[in-house]
Every structure is written in structure tokens, then in C-alpha cells.
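Open the model in your viewer and keep the selection tool at hand. The stops below tell you what to pick next and what you will find there.

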Amino acid sequence: MAEVVVLLDLWVSPFGQRCRIALAEKGVAYEYKEEYKEEDWTNKSPLLLQSNPVHKKVPVLIHDGKPVCESLIIVQYIYEVWSDGAPLLPADPYARAQARFWGDFVDKKIYECGTRLWKLKGEAQQEAKKELIEILKLLQAELGDKKYFGGDAFGYVDIALVPFCAWFYTYKACGGLSVEAEVPKLAAWGRRCMERESVAKTLYDPLKVYEFVCHLKKKYGIE
Amino acid sequence: MDPAGGFDLELLGSWADSHTHRVQLALKLKGLPFEYREEDSLRPSAAVLLHNPVYGSLPVLLHRGRALLHSVVILQYLDEAWPSGRLLLPSDPCDRAAVRFWSHFADDKLAPSVAAVFSSCPGDGRKAAVDQVHQNLKLLERELGGGGAFEGRRFFGGDEIGLLDVVLGCGSYWLAVFEEVMEVKLVDPEAFPRFHAWLRDFEEQREVKETIPPIDKLLEYATAVRQMMLGGTGADDDNVVAVN
């Protein structure tokens, strides 16, 4: 019996992109369904509301009718179900615990701080910029001289962080934060990840992301 | 097993910290001996800062000197490092995703809402904080009921307690403590019969009784923290100490 895999998502969502990258790494065929038609955040499909009644947010992976919510939980699910091919998590339990720790760190820190950076002005924005630089420096230190966060294999932490690479241009344009200047090794890691087909085909042009953010700012009267 | 403690496990924790209790309970359930070292959760020692430079928080589990951090990460590590013993996570990937989802809910939504009750001021603020806890408990109540992910189960883990029971249970004692200290009703057995029954069964488990401090000690602690919040900074000050 053929499996049916559906991903409810939003094109620009870095969280949704984590799932798309993981599915691509595993070569899983799925149906992509765009939510929030015409950027109306209240326009949530009945399927989304039914599949994620607690948070009513994308991404949601629906596998043979059963929903899985939250991007990093989805990535672990993909790893556990489609166990052939790319090992998204390390085999060693300690390395795996490290991966989960850093994935959680990315989850807690990047999106929230990055949003403050492009949304706010003045002192609050400068504060966000300082904080984001510290966060990126910690990640760069964790990466060290490795090819990817997991070593030679592209995996969980890379997947958690890489979608935000498309936001680096926005961080610079809106907040004056140059990732290249502040954390060059991390910037180089981002470029290495972009050489992977799963990442290149998933991430949007940083200019498109910036356009989206400008559009959001105008819509909410921020400026 | 090495009689000198061959599992080489040392837990740095705090006696009133629910995340520490999670790890202690998990180690007990898995029959893993460990050494415990009491730490000050508000003033991290050099050892804690060495092993957890990013957050400086507890608990820290040292296994052969290597640090494991974040209680939910630690619990999964215990299953993966000792796969032949009692397992905390279910084996089915869908069930594992549900456990992870609700564990995240416990830490991201439920715990902060309970803490908000503790730091609330009387009046509308407290009422809103209590309502938020009720909203969150309603969601868990639904999952234990018809059509829910844990429908009809005695524990979230099934017949025995599992990872989600440990995560939710270690922390749920604050509900009873805050009910008394803040004079509010949080777990009404009529509004949340399944959650109430689950909590009562959880707290009756031998390993749980051996892990969670006596309620009067927790009450004393919470009362003291509340006094400090009110007395030290003024009754309506927003700078309150968070209780985890």
C-alpha cells in the first residue's frame, strides 16, 4: 500500500523548510500544501485546524492520515520512519544528545531574536543585534572546524539552523548585522550547506525573504 | 556492574527543581545507580558553569564525566544509552512524536502558565493566569479522553509510567502547592477528572514517592519565595523570581 505523506506549510517558514529538507534528504515523496492563502494569517484550512488543534500552526506532517506537529519533532519522526538512507541523527547516544541540545538552542534563540532585529528600531534593535551576534558566535564555536555540526554527515542541527541562512540578508538590511563579518566560519558553513540539493531546492532567494519582511512591516505599520 | 558504581553517573541538581526530579525519577525507574550533588539553582557553581556554559542551569547529568543537559534530552539519552532495560519512550514513531509534542507543551506552555499564577497579583491578573492554566489542563484532559492520543490510559505511557508521565508529573505537584499558597483552584476534579485521576495515580507510584520532596517542604519553600517576592520588592512589583 502506497504511503500518503502531506506537508502543511508556508513557503517562507524556516520551520517548514526544516521538514522539506529532511524529506528531500530521505527521498520521501510528499504532497505540499500551502497555508495562509494571500498571506492572511487567519486563513487556516480545516485540515490544519484539525491536524494541529493545539497551536493551529504550520508545519504539520500528515503521514497516512496521522498528524505530526512541530518542525524538530517532525524531523526526528522522518528519521525514525524512513530509516534507510541519510542518517539525520548520529548513531552514538551522546552525540545524539548533543544534537538535540543544539537543535533546541537554535529553536529557542534564533527566530525570536532575529524577529526582534528586523521588527524593532533604536535601542531595542541594537540590543537584539548584540544578542543575535552572541547566539551566532556560540553556534560558530560549536561548529568549530567541522564540515557540518554533526561532523562529516549533514544532520539534525544543520537542518535546524540552515533555513535561517536565507534570512541573513534581511538581518543585514534591516538590522545592520553582517553574518559574514561577525561569524565568517558559520557563513562558510551556510554556503557549504547550499551545495546540497535538498537545501538549494528548499531555501528561497534571500532577496525574496527580505521582500516578504518588508511587505510584512508595511502591512503591520512598522517603520 | 562495578560495585564502586560502575555506571559512572553523577547528577547535579536542586532539591526543589522539577527538572532535577525528572532525571532522578527516570534513573530510579531504569534502575541506574547514581551519585547526587545538591547545587544552588540561583547561584551556579563553577562545576555547573563548566559543564553547562551556555545556560548555567540545572540539572546536569555527568556520565563518565561527559555532561548531558536539559531534562527531556537526558531522559531520551537514558533510553538510548541503556536500550535493553526499561524504556521510557514508546517504540512507535507516531507515539514518540506525541510524547515529544506534549513534553514540549509541558515546558513551553503549561509550566510558564503555572509560574504566572505564582507571580500574579490579586484581581484580574490572577484570574487571567488561572484561566490560562485551565485552558492548558483542558487540552491535556482532552488527550486522555475519547479520540485523544492517550485515550483511556491509566498513564500517558500506558500501564506503566513513561517519559511524558515523568515530564508532566514532576512539576504537577506545584499545582497543589500554588493552590494553597495563592488560594486558587487549579485542578478541579470535576472539571479535569482524568487529569486529576492520572496525577493521583502517578503520585502513588513507589519511585515517585521516593523522588518528590514532601508536600509540606514544598509548601514551606513556595511560601518563603512568595514572601521574598512581596516583601523584598513591594507587593505589585513585576520583578518576581521565577520558580521552575
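## Stop 1: chain B as a whole

Select chain B and show its surface. Chain B exposes about 11200 Å², and carbon and sulfur atoms supply 51% of that area. Accessible areas come from the Shrake-Rupley method with a 1.4 Å probe, and for residues only the protein chains shown count as cover.

A word on the model before moving on. It is predicted: local features need pLDDT of at least 70, side-chain atom pairs count only at pLDDT 80 or more, and totals for chains, interfaces and linings use all residues. Residues are numbered from 1 along each chain as its sequence is written, chains are lettered from A and ligands numbered from 1 in the order in which they are written, and side-chain values use heavy atoms, with hydrogens and water left out.

Helices (H or I, at least four residues) and strands (E, at least two) are DSSP runs, numbered from the N terminus. Follow chain B from the N terminus and the order is β-α-β-α-β-β-α-α-α-α-α-α-α.

Now the dimensions. The C-alpha trace of chain B spans about 55 × 50 × 30 Å along its principal axes. Its radius of gyration is 18 Å, which agrees with the value near 18 Å for a compact globule of 244 residues. That radius is taken over C-alpha atoms, and the globule rule is 2.2 Å times the number of residues to the power 0.38.

How much of chain B is buried? Buried residues make up 50% of its 244 residues. Buried means under 20% relative accessible area, exposed over 50%, and partly exposed in between (1.4 Å probe, protein chains only). Of the contacts in chain B with a separation of 6 or more, 66% are between residues 24 or more positions apart. Contact means heavy atoms within 4.5 Å.

Colour the charges. Chain B has 24 positive and 37 negative side chains, and the centres of the two sets lie 3 Å apart. Lys and Arg count as positive and Asp and Glu as negative; His and the chain ends are not counted. Each charge is placed at NZ of Lys, CZ of Arg, CG of Asp or CD of Glu.

## Stop 2: two places in chain B

Select B:A16. It is found in the loop between β1 (9–13) and α1 (18–29). B:A16 counts as buried because its relative accessible area is 5%. Draw a line to B:L68, 52 residues away along the chain: the two C-alpha atoms are separated by 20 Å.

Next, select B:P59, in the loop between α2 (46–51) and β3 (60–63). The peptide bond from B:L58 to B:P59 is cis, with omega near 0°. Most peptide bonds are trans.

## Stop 3: chain A as a whole

Select chain A. Its secondary structure comes to eleven helices and four strands. The C-alpha trace spans about 55 × 45 × 30 Å along its principal axes. Buried residues make up 53% of the 223 residues in chain A. The accessible surface comes to about 10300 Å², of which 54% belongs to carbon and sulfur atoms. Chain A carries 31 positive and 32 negative side chains.

## Stop 4

Select A:K56, in the loop between α2 and β3. A:K56 has a positive phi of about 55° although it is not a glycine. At 36% relative accessibility, it counts as partly exposed.

Step along to A:P59, also in the loop between α2 (46–51) and β3. The peptide bond from A:V58 to A:P59 is cis, with omega near -5°.

## Stop 5

Select A:H63, in strand β3 (residues 60–63). Is A:H63 buried or exposed? It counts as buried, because its relative accessibility is 8%. Which side chain does A:H63 meet in a polar contact of 3.0 Å? That of A:E3. A polar contact is a pair of N or O atoms within 3.5 Å; within protein, one must be able to donate a hydrogen and the other to accept it, and residues adjacent in sequence count only if both atoms are side-chain atoms. Leaving aside neighbours within four places in sequence, A:H63 is in contact with residues including A:V4, A:Y77 and A:W82.

## Stop 6: two last picks

Select A:E70, in the loop between β4 (66–69) and α3 (71–81). A:E70 has a positive phi of about 80° although it is not a glycine.

Finish at A:E127, in helix α5 (residues 122–143). A:E127 is partly exposed, with a relative accessible area of 38%. The C-alpha atoms of A:E127 and A:P59 are separated by 30 Å.
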